[in-house]
Amino acid sequence: MSETILLYLVLLVGTTIVLAILFKAGAERLGIPPLVGYLLLGFILQLLDVRGFLASEVVLEIFSFLAELGIISLLFRVGLECNFTGLLRQLPQACLLLIGDVICSGSIGFITAYFFLNLSLVASLFIGIALVATSVGISISVWQDSQALNSKNGELLLDIAEMDDIAAIILMSLLFSLAPSWQQGTAIKFLPLLETIIGPFCLKVMIFSTFCLIFFRYIEQPLTQFFERIEPAPDPMLMVVGTGFVIAAVAGLLGFSVAVGAFFAGLAFSRDPHAVKIDASFGTLYEFFVPFFFIHIGLQIQVSTLATTLGLSLLLLSAALLGKLIGIGGLMLLSQRDVSSSTLLGISMMPRAEITMVILQRGRELGDWAVSSQIFTGMTLVAISTCIIAPMLLYPLLKQWPQLQEAEA
């Protein structure tokens, strides 16, 4: 690589960072999630790239690498923010709603894609699993603004959302193992599948789980305390991030996604009492890397596919909204007979963003046979729409059905 090209790349990365900050600020002032701003920035950069510089191999490699670090940072933080002990404590109460959520959201997404849109089995599975995950951060900000997050329903919302993200990540890992064997319409035979795919996958899950369990139980705290003794901040935080990257890479080498490894690494450090401090200091790295993941997605949205994906987007958007409304809201209404709580939780679970885009991005990397550019563009529009629709519905409903009094009672 010549020095001139290197300088152009430095210029491009620096300019992208500055623009990302401006787009994030603009999105926040409009009341929409920053990720929408990042996606828009990537899309606009692609439109302005009349000479094809961004489409060159070297630029794509640099952006792919930064996007990979963005995925790891994103999932690491998702794991870090999980309250694992709290999740286990709330498991019996939230389990029924979680099962309904996963079945309804996934099934409605799959049925819509496979039967109504006539998409392939693998593509439909990617869509179904992508629609399971919830970007609860979008709704949490609304609950927080309405001083309702500490209510009983607010805590239940957090628990279900965290668990359905975990469920989506596990399903994604299984799908990545199974999908290649279904390429080109290979017939599905259970016994060979069990022997060649599911068996080795379960073995790798056991190896990776054992590694994580040993790390959680015996290594994490002594390692963190050792680095805190020998070096002041921010070095201990950098050690945590470096360890997270190592675990993500190990997961990738075992055949899982690096996103899965990063999530489990974050989960390991979430047990530490200093996790909140680590999370706060991790924020700068997070803000640096994560925008590149969404900008990279924006760069892949093809203008030529926008017009042809409008119908597909509208149908999948309906499936995305109905899946959560029925899976969470409907089930809660049947079990508790509480219209306000059911409606609020059903709508709060509608946003799809980070995990959904991770699943689709991984599928896109497999090729058109898994996730085509039309499906990728359509689902990106679905994710953006859900992130805008849910807060617009929640603000007035939380004013009509305030949750703070319920918590105080």
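A search of the whole structure finds five salt bridges. A salt bridge here is a side-chain nitrogen of Lys or Arg within 4 Å of a carboxyl oxygen of Asp or Glu. The model is predicted: local features need pLDDT of at least 70, side-chain atom pairs count only at pLDDT 80 or more, and totals for chains, interfaces and linings use all residues. Residues are numbered from 1 along each chain as its sequence is written, and side-chain values use heavy atoms, leaving out hydrogens and water.

Take Asp-101 and Lys-324. Asp-101 lies in helix H4 and Lys-324 in helix H13 (residues 310–336), so the pair ties together parts that are 223 residues apart in sequence. Helices are DSSP runs (H or I, at least four residues), numbered from the N terminus. Asp-101 is buried, at 0% relative accessible area. Lys-324 is buried as well, at 0%. Buried means under 20% relative accessible area, exposed over 50%, and partly exposed in between (1.4 Å probe, protein chains only).

Now helix H15 (residues 354–366). Arg-362 and Glu-365 both lie there, three residues apart, about one turn of the helix. Arg-362 is buried at 9%, while Glu-365 is partly exposed at 47%. Salt bridges that share partners join Glu-68, Arg-362 and Glu-365 into one network.

Definitions and conventions
Helices (H or I, at least four residues) and strands (E, at least two) are DSSP runs, numbered from the N terminus.
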